[in-house]
Amino acid sequence: MEVEISRRKFLQGTVALSVIASSSAICKDTSNKDKISFGTRKNSNNKDVKLVPTLCEVCVNKCAAFARVENNIVTKLEPNPYFPKSQNMLCARGNAGIQALYDPDRIKYPLIRVGKRGDGKYKRVTWDEAYTYITEKMTKILDEEKDNRSCFGYCAGEGLAEHTFKTFMSNKIGSSNFVNHASICLQTAVSGYALTIGKYGQADLQNAKYVIMAGANRAEAILTPDTMDIFKRTRGRGTKLVVVDPRFTNTAMHADDYLAIKSGTDLAFVLALTYHVIKNELYNRKYVKNNFSNFDKYKEHILNSEYTPKWAENITGIPAHEIEKVAQEFMANAPQAIYYQGRRSTWTKNDFQLRRAQAIFTALGGGIDVKGGIVFGKKLPLGSHYVNAPLYSNPKPRIEKDEAKIIGGSGSWIAWRNMILEERTPYPIRGMFVYKQNPVLSVPHVEKTKQMFKKMDLVVVIDTMPSDTAIMADVILPECTYLEREDPVKSFPGVEPSIALRRKVIEPMYETKPVIEILHGLGKKLSKPLFEISKKYDEDLQYEIEGLSKEEIDELYKDNGYDLADAFEHSQEHINKEMVLEKYDEKAWNTLRTKGVFYPKMSKSFKKLDNNKFRYYKEKEKFYTVLKLENKEDSDDIDTCINPRDIAEIKRLFSTPTKKIECYLENLAKKGIDPMPVWHQEDFKKIPKGKFKFISGRHSQFTQNSTANNVMLLELMPENFIWINKKDAKKNGINHGDVVEVQSSAGKIQIKAFPTDKIIEDTVFYVHGFGSQSTGMTFANRNGASDNEIIEDDIEPVFGSAIMHETIVSIRKV
């Protein structure tokens, strides 16, 4: 893809960089404390200026904003004070979201490949030509595969419209091969907590008195209101924060205590904490008696296994007395004490058991479903959007269902891909649809992902940018950016639940469309040809239409959901309004449209407290404790203002099979999985002499690789460097800024070195989200290095999630 603008010219002239960069949106008004005024200023004298509510798309947090639009140009993004989740905050990424709209490299028109996969050579076509190309390819493939819709895989990145795309591919097209981002993200963490305490929950950092944050870098990786809040209260100001990490991160810098741990040994650390607490009966015995299932089994297992702090010291590198100190302090502050769940990908082979052990340890102090602990909160209801899904006879089950003990609906990315490459699939995977995801750079072992795409007959990518995955496609369909579309309305659960809306700020530029319109157009083109394929091979359908007239078959076609476009024929605004009005009134809908946020009692409870602080819910109306109590039909009358310890000890009904916290999972034992967290020394990957263990992480200025081309953020951090301990660097003759070659069994990269004392020996690190090789990404192209080029493609055995922190590498100065 040819780019006709230089970086220098872009920096000097783009409208995206002429915006006001301040994120201070609330101006003090002494005349009326509750009055909200936005700190904007005009960039022109024209009166055509408006503020439109939207939700940020740059990261998973979905902070609320108001877009300032002047003469149909977005000139600034203001934080929205009405949203409890983001609390009038918009970080650097949120401010830079405007760049997605005006990026000169964005995909502007439908494209069809004219060169080899990956060379970036495409021709501009009309939408109808793109739809026709896809239809002809799919019809041919499905005819050859006898209507097995699962011969097409599909994946999607996180976002408000992810479900819309999934509805099309799963419910309407009929494929079972969905490979979600979960298996390269939070699968083991979410599942570990859900199977143990009923839900993943949220850490109430605002009210916690003691937090263990292990391997999580909140001060640097994701800047949200609760991130900012906890760091205002550390260092002797109300909350004790203990950071456990192989690196001395920005989070560690704000912590009260920092413990340097060897990568891959976190489970041993948690088990030792648990041993000390159980051995010395420091846990909340009344809470455990009321709310634990099989605690005696767990107690016996921990003590008999002799998971002592001294045992853990030899494995983790953390002194035994430090482990004992943390265990004692944690329980002294419980139930307002949290072993932070983490928002990270799978680290090691034992990651699922690590998350289980963390959940049980927090629960030993009573810190579940209580203020200052792990809270579940409430979710405000929304109406439904009916989808008429056809029933197909021929789609086969997902291909990798037996590659791990529990392969759910979101699959295992690595296992799925590797089966295709190794030609071990029970039937051919002939094509793939990719929406808003970049698996080439987000799935470990980049070269294997490229080879997978090369084996396919049809690859369709729906995206805004010509990513490394997009240039592997046969057809690229340009979605408009989040500022050019309305997305599905969303209910955000929590202690202060709310409903928020992303409205269209300006009309889509170029020939881009929102995904709902893309799917509607593609569905109209595909429906009849694919229905003919089903009539040819689907015996159930053949039986239904036998003896029917053409008119009756047409009626069956519509009534039974074979019209693939019918779920997307209404605008997203129309669907959103229906979903809101099904549960609330017209006033609620109008509030949502004008303020971007709605929750019951909002008009009475929302209040500006000072220049940049707001009240959303009155304290007694917040949802810290939501589980039903064993001896009460309804627990809504709990006073959350009383001592959390008094609430914690009450018997609850957890969302688990036993209605209690699960120490022993019998169903897992039947599948050959340890029913309780166990340390297996053979699972720990030792580092050979002269080698290093590679770990990676996130940075608050970048969202995985989706912001790799954002020039506003690149000005803050233009490339990534590899962290290496100064002693290791000296041994290898490596100085600051030297280019080094890092090699693993998966591949090799070159990157500049950053020798530092802030990482333990024998371990190296660099930030994820760099190293794009797409020639269509002017500012991202070969900017630093991609971690997934060298991360080996191993999976943990329970869910098949990608193991991200077990790769052994060698390093040499170039």
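Aspartate 559 is found in helix H21, residues 550-559. Helices here are DSSP runs of H or I with at least four residues, strands are E runs of at least two, and both are numbered from the N terminus. The model is predicted, so local features need pLDDT of at least 70 and side-chain atom pairs count only at pLDDT 80 or more, while totals for chains, interfaces and linings use all residues. Residues are numbered from 1 along each chain as its sequence is written, and side-chain values use heavy atoms, with hydrogens and water left out.

Aspartate 559 counts as partly exposed, because its relative accessibility is 47%. Buried means under 20% relative accessible area, exposed means over 50%, and partly exposed lies in between (1.4 Å probe, protein chains only). The areas come from the Shrake-Rupley method with a 1.4 Å probe; for residues, only the protein chains shown count as cover.

Aspartate 559 also belongs to a surface patch of negative charge, together with Glu551, Glu552 and Glu555. Patches are made of residues with over 30% relative accessible area and no salt bridge; like charges are joined within 9 Å, and nonpolar side chains (Val, Leu, Ile, Met, Phe, Trp, Tyr) within 5 Å. Lys and Arg count as positive and Asp and Glu as negative, with His and the chain ends not counted. The charge is placed at NZ of Lys, CZ of Arg, CG of Asp or CD of Glu.

A patch of positive charge is on the surface too. Lys85, Arg343, Lys379 and Lys490 gather there. Lysine 85 sits in the loop between strand S3 (73-79) and helix H2 (92-95). Its relative accessibility is 30%, so lysine 85 counts as partly exposed.

Next come the charge pairs. Side chains of opposite charge can pair when their charged atoms come close. A salt bridge here is a side-chain nitrogen of Lys or Arg within 4 Å of a carboxyl oxygen of Asp or Glu. By this rule the count is 53 salt bridges.

Which parts does the pair of glutamate 484 and arginine 106 tie together? The two side chains meet in a salt bridge at 2.9 Å, N to O. Glutamate 484 lies in the loop between strand S16 (475-478) and strand S17 (490-492), and arginine 106 in the loop between helix H3 (98-102) and strand S4 (111-113), so the pair ties together parts 378 residues apart in sequence. Glutamate 484 is buried, at 0% relative accessibility. Arginine 106 is buried as well, at 3%.

A local pair is found in helix H13. Glutamate 313 forms a salt bridge with lysine 310, with the closest N and O atoms 3.5 Å apart. The two are 3 residues apart in helix H13 (residues 309-316), and therefore about one helical turn separates them. Glutamate 313 is partly exposed, with a relative accessible area of 24%.

Now turn to arginine 417 and aspartate 793. Their side chains meet in a salt bridge at 3.2 Å, N to O. Arginine 417 is in helix H16 and aspartate 793 in the loop between strand S27 (763-767) and strand S28 (807-813), so this pair links parts 376 residues apart in sequence. Arginine 417 is buried at 0% relative accessibility, and aspartate 793 is buried at 15%. Elsewhere, salt bridges that share partners join Glu57, Lys436, Glu479, Arg485, Asp487 and Arg502 into one network.

Asparagine 418 is also part of helix H16 (residues 413-421). It is buried, with a relative accessible area of 9%. Leaving out residues up to four places away in sequence, asparagine 418 touches Lys448 and Asp793. Contact means heavy atoms within 4.5 Å.

Valine 277 lies in helix H10 (residues 266-279). What does valine 277 contact beyond its neighbours within four places in sequence? The partners are Leu282, Tyr283, Ala327, Met331, Phe361 and Leu364. Valine 277 is buried, at 0% relative accessibility. Its C-alpha atom is separated by 60 Å from that of aspartate 563, 286 residues apart along the chain.

Some backbone details remain. A cis peptide bond joins alanine 334 and proline 335, with omega about 10 degrees. Proline 335 is in the loop between helix H14 (320-333) and strand S12 (337-339). Aspartate 147 is not a glycine, yet has a positive phi of about 65 degrees. It is placed in the loop between helix H4 (127-144) and strand S6 (152-156), and is buried at 0% relative accessibility. Asparagine 294, not a glycine either, has a positive phi of about 60 degrees. Asparagine 294 counts as partly exposed, at 34% relative accessibility.
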